[in-house]
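Good morning, and thank you for coming.

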Amino acid sequence: MRAVDLIQKKRDGQELTSSEIEWLVEGYVSGTVPDYQMSAFAMAVYFKGMTTREISDLTMKMVKTGQEFDLSAIDGVKVDKHSTGGVGDKVTLILAPLVASFGVPVAKMSGRGLGHTGGTIDKLESIKGYQVERSQEAFINQVQDIGVSVIGQSDQLVKADKLLYALRDVTATVDTIPLIASSVMSKKIAAGADAILLDVTVGEGAFMKTVDEARELAQTMVDLGKAVGRKTVAVITDMSQPLGRAIGNRLEILEALEILQGQGRQDITHFICELAQIMLGLANVNKTVEEVRQHLENGQALAKFEDMVQAQGGDLKDLYRPVNVDHVVEIPAQETGIISALPAMEFGLYAMRLGAGRAVKSDDLDYETGIVFEKKIGDSVQKGEIVAKVYTNGKISPQLVTDFQKYVKINDRVKSLREIIEIIS
Ligand code: URA
């Protein structure tokens with residue numbers, strides 16, 4: 001076979017056979033298919049799509065390019081969760097210990113952030129001492145002992161995705177359903193959980209811009225999971241504004257602690273309790289949202305989070321320390337009204353420029369910097385009232401404020417938002 005023929009076949013809108021997909025994936029991982037041909041192939045997929053059969057073949061061939069985790073040593077139904085990317089998305093930090101506090105084991109591998117999206121692993125690494133790299137044995141033992149572990153994605157897991165995701169990121173081929181579905185599901189299948197909750201984000205700050213696209217991606221992934229015997233549910237969730245109050249690594253850890261203590265904003269707290277309810281249901285533990293919330297209010301979820309931090313080497317004293325930055329710049333509202341738009345992508349990029357995110361993979365992060373919103377969509381503001389605070393170690397200038405203000409839209413009314421737009425199972 002020749003890569004050029006397979007690229008041409010896809011370019012012309014034809015369906016590739018299983019053996020052609022296998023040849024391409026194996027060739028790419030072994031180096032016989034170079035980056036430039038794989039990126040041409042990814043672009044052909046972007047324009048011509050893939051059939052359900054092709055996506056399924058691509059996913060399973062990708063799984064085979066790395067280690068497959070066997071979690072059978074852990075008792076109970078192991079549940080996993082994955083988000084397709086968000087801004088200010090600290091959900092895993094709360095959801096994993098919350099679900100574990102009900103006795104349902106959570107063994108989760110997470111990734112790093114890139115561009116406008118944040119990564120759970122970067123947030124956890126902002127906790128002094130927290131180790132994100134663990135052997136499979138240590139990972140499994142910890143979940144057996146305390147019920148929860150969140151670690152960085154093993155280098156051995158789905159090698160094809162590691163290579164292909166980096167390539168897609170620099171060739172404008174990330175936001176296409178066949179490649180997102182195979183990327184996410186190959187990792188989830190290889191990671192070995194029995195049940196999977198997929199958070200498919202939609203809106204300005206997400207890869208999927210419309211609910212119809214998000215629904216198609218969600219259904220594709222749910223079908224892939226079910227086809228290999230994993231209970232899979234997807235929720236379509238709103239990413240038109242940043243999630244919760246904070247964007248930035250330590251700032252998000254501090255917000256997660258607030259939520260874990262039952263003192264978070266009502267909207268994100270309710271949203272996370274709903275996700276926890278679904279995850280628990282996947283493990284046959286049926287609870288009301290109110291019963292879930294009690295574990296935030298009575299400290300059980302927080303205790304699990306602290307157990308996890310300690311088990312992975314994190315310093316509990318440092319955990320609660322406020323952020324340490326040179327400047328905190330207040331952003332006043334320019335008029336009186338109701339906040340009607342806070343575009344997630346723009347604020348994700350703004351936080352990235354403060355050092356909270358990476359423009360390219362090799363960038364170092366400044367864990368302390370970021371944004372805390374005092375107001376979110378639907379909140380009323382008076383002219384001059386503080387909408388947000390910017391935490392920076394950089395130079396301060398009037399532009400820092402005006403650049404922020406130009407994205408804050410204030411109106412006299414606002415359309416209502418639903419955090420969970422739809423559930424697909
Ligand atoms: N998240 C992933 O893991 N892969 C994608 O392709 C997009 C989002």
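This is a predicted model: local features need pLDDT of at least 70, side-chain atom pairs count only at pLDDT 80 or more; totals for chains, interfaces and linings use all residues.

I begin with the layout. The chain is divided into three parts: domain 1 covers residues 3-49, domain 2 covers 79-318, and domain 3 covers 327-411. Between the C-alpha centres of domain 1 and domain 3 the distance is 41 Å.

Let me turn to the ligand. Which residues are around the ligand? They are His-82, Thr-84, Tyr-165, Arg-168, Ile-180, Ser-183, Val-184, Lys-187 and Phe-207. Sorted by class, this shell contains four nonpolar, three polar and two charged residues. Helices H8 and H9 each contribute at least two residues to the shell, and the largest share, four residues, is supplied by H9.

In Lys-187, a side-chain N or O atom lies 2.5 Å from an oxygen atom of the ligand. In Ser-183, a side-chain N or O atom is 2.6 Å from a nitrogen atom of the ligand. For His-82, a polar side-chain atom is found 3.4 Å from a ligand oxygen atom. The ligand taken alone exposes 230 Å², and the protein buries 92% of that area.

I now move to the loop between helix H8, residues 159-169, and helix H9, residues 177-191, where Thr-173 is located. Is Thr-173 buried or exposed? Its relative accessible area is 0%, so Thr-173 is buried. The side chain of Thr-173 makes a polar contact of 2.9 Å with the side chain of Thr-171. Beyond its neighbours within four places in sequence, Thr-173 is in contact with Ala-42, Met-43, Tyr-46, Arg-168 and Leu-179. Arg-168, in that list, is also one of the residues around the ligand.

The phi angle of Ala-172 is near 55°, a positive value in a residue other than glycine. As background, most residues other than glycine have a negative phi.

A further example is Asn-284, which is found in the loop between helix H12 (266-282) and helix H13 (289-297). Its phi is near 65°, again positive in a residue other than glycine. Asn-284 counts as exposed because its relative accessibility is 53%.

Returning to helix H9, I would draw your attention to Ile-177, which lies in that helix. Why does Ile-177 count as buried? The reason is its relative accessibility of 12%, since buried means under 20%. Apart from its neighbours within four places in sequence, Ile-177 is in contact with Met-208, Glu-213, Glu-216, Leu-217 and Thr-220. The C-alpha atoms of Ile-177 and Phe-207 are 9.4 Å apart, although 30 residues separate the two along the chain. Phe-207 is itself among the residues around the ligand.

Finally, I come to helix H5, residues 91-100. How many of its ten residues are buried? Ten of the ten are, so H5 is largely enclosed by the rest of the structure. Among these buried residues are Val-91, Leu-95, Pro-97 and Ala-100. Thr-92 is also included in the buried set.

That concludes my presentation, and I welcome discussion.

Technical notes. Residues are numbered from 1 along each chain as its sequence is written. Side-chain values use heavy atoms; hydrogens and water are left out. Buried means under 20% relative accessible area, exposed over 50%, partly exposed in between (1.4 Å probe, protein chains only). A polar contact is a pair of N or O atoms within 3.5 Å; within protein, one must be able to donate a hydrogen and the other to accept it, and residues adjacent in sequence count only if both atoms are side-chain atoms. Contact means heavy atoms within 4.5 Å. Domain bounds come from an automatic or database domain assignment. A residue is near a molecule or strand if one of its heavy atoms lies within 4 Å of it. Accessible areas come from the Shrake-Rupley method with a 1.4 Å probe; for residues, only the protein chains shown count as cover. Ala, Val, Leu, Ile, Met, Phe, Trp, Tyr, Cys and Pro count as nonpolar, Asp, Glu, Lys and Arg as charged, and the others, Gly among them, as polar.
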